[in-house]
Amino acid sequence: MLDIIKRAAKEEEIRKKFYFTLMMLVIYRLGNNIPIPFIDTKALANAYSNIEGTLVDYLNMLTGGGLSTLSIFALGVQPYITASIVMQLLTVVIPRLEELTREGEQGRKTIQKYTRYVTIALAIFQAIAITNGLYGAALSSATGFQKIVMNVVLIGGTMFVTWMGETMTEKGLGNGTSLLIFMGIIASFPRTISRWKEGLHYNTTSVLAIAIMVILIVFIVIAVVLISEGERRIPIQYAKRVVGRKMYGGQSTHIPVKVNMGNVMPIIFASAVLAIPSTVSLFFGGGGQSGLTAFFNKTAFGFAVYLTIQSALILIFAYFYNQIQFNTVEYAKQLQQNGGFVPGIRPGKPTSDFLATVSTRITFIGSICLALLTIVPAIASRLLGLEISFGGSSVIIVVGVIIETVKQIEAMMTMKQYKGFLNR
């Protein structure tokens, strides 16, 4: 990976993309430290300290701390992610949307436009919920006009962040939305380290507990890399055929079936769905949040329910992404048209069924591994009494985004080599 980065740093085009991505991430961090107009920062801090807990902390982490300070980017990309989930689910249900996915670039742009409309609707809902529910008491002295301005700024900030994510994907390095979430998670690491130092100072945290957690995080990083790189190679044989005086085909190849096809997206989508109850409870202010926090964080049963739901969502979205990215019917059709076959399997529907079976089994293993890597740190944190502002899912997202970005850089380097060869 370091060798790829060193070689990429020598390429002017990749450097420009890197600087553009870095500039966008800096703007995102600056925006997270600019509060919206007409707020009392002290009253806001007191209000957040009263509702701080599992679900609110998770929302705050995804926004890079913007929710706790009620910054102009307080909603982050969470409305956009939720809108993307809704649109992808509707694509399976509504035939017209399914047709758009097959129309290439034009269809993709149309779906993106619909996704933005849903994002605006969700941003309006969340902005009103925050200003009138979650921070209603802290903003009680604000006039009607001031609250309208607050909501407009929050909604505008969300749409600007959405634009940043899409632009970074198009003109920068990696997936823009994933990188913004990555930056939000990274920003929470110093706060966790500060809490650990404070715990050591007041003897509320042991060195052994921190050492165990660090070892566990290292293990998660290694496991995520192995899962991301792991694949099942299905052998493919092409039949020989004679055209004129030349013989074609006869070569052997394989279809790589990834253990984790969705990469970090199942985790991100599961996190977005888990944030929905907290988002709805925003309307009920501190009382609603306190009730959710007491159930999910302070009771063993609620904690178990939370982890069970999280694991189930990861499993569901892993299979969902597998169906989107690996169309077994289309693969079998293309193989049959090009004279390819899986040794021992008849072409056509038997090949499609075989690929579906292998894919389902591999996805099950990958999703179970993702779920375990997500919940084990949460359980360890609870047993060790070690307070962390990020969980296993956050570590997986960070590692996954880094791997995905490096792979894109590697692909760009390969394409550049091919272009240089063709231009000779």
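The side chains of E12 and K16 meet in a salt bridge, with N and O 3.6 Å apart; a salt bridge here is a side-chain nitrogen of Lys or Arg within 4 Å of a carboxyl oxygen of Asp or Glu. The structure is a predicted model, in which local features need pLDDT of at least 70, side-chain atom pairs count only at pLDDT 80 or more, and totals for chains, interfaces and linings use all residues. Residues are numbered from 1 along each chain as its sequence is written, and side-chain values use heavy atoms, with hydrogens and water left out. By the salt-bridge rule, the count comes to five.

**Salt bridges within helices**

- E12 and K16 both belong to helix α2 (residues 12-31), where four residues, about one turn of the helix, separate them; helices are DSSP runs of H or I with at least four residues, numbered from the N terminus.
- K16 is exposed, at a relative accessible area of 54%; exposed means over 50%, buried under 20% and partly exposed in between, with a 1.4 Å probe and protein chains only.
- A salt bridge also joins the side chains of R96 and E99, at 3.5 Å from N to O.
- R96 and E99 are separated by about one helical turn because they lie three residues apart in helix α7 (residues 95-101).
- R96 is partly exposed, with a relative accessible area of 46%, and E99 likewise counts as partly exposed, at 43%.
- In a further salt bridge, the closest N and O atoms of D353 and K349 are 2.9 Å apart.
- Both D353 and K349 sit in helix α16, four residues apart, or about one turn of the helix.
- D353 is partly exposed, its relative accessible area being 36%, whereas K349 is exposed at 60% relative accessibility.

**Packing of α2 and α9**

- Two packed helices are described by the angle between their axes and the distance between the axes.
- The axes of α2 and helix α9 (residues 144-171) come within 10 Å and cross at roughly 165°; axes are lines fitted to C-alpha atoms, for helices over the stretch in contact, and angles run from 0 to 180 degrees between N-to-C directions.
- This angle makes α2 roughly antiparallel to α9, since angles over 145 degrees count as roughly antiparallel, those under 35 as roughly parallel, 65 to 115 as roughly perpendicular and the rest as oblique.
- On the α2 side, the contact is made by K17, F20, T21, M24, L25, I27 and Y28; contact means heavy atoms within 4.5 Å.
- On the α9 side, the contact residues are F160, V161, W163, M164, T167, M168, E170 and K171.
- By class, this contact of α2 with α9 has ten nonpolar, two polar and three charged residues; Ala, Val, Leu, Ile, Met, Phe, Trp, Tyr, Cys and Pro count as nonpolar, Asp, Glu, Lys and Arg as charged, and the others, Gly among them, as polar.

**Helix α16 and its neighbour α15**

- The axes of helix α15 (residues 328-337) and α16 come within 8 Å and cross at roughly 135°.
- That angle makes α15 oblique to α16.
- T328, V329, Y331, A332 and L335 of α15 meet T351, S352, L355 and A356 of α16.
- The contact of α15 with α16 comprises six nonpolar, three polar and no charged residues.
- L383 is found in α16, which spans residues 349-384, and is exposed, with a relative accessible area of 72%.
- L383 and A209 are 174 residues apart in sequence, and their C-alpha atoms are 9.4 Å apart in space.

Notes: Helices (H or I, at least four residues) and strands (E, at least two) are DSSP runs, numbered from the N terminus.
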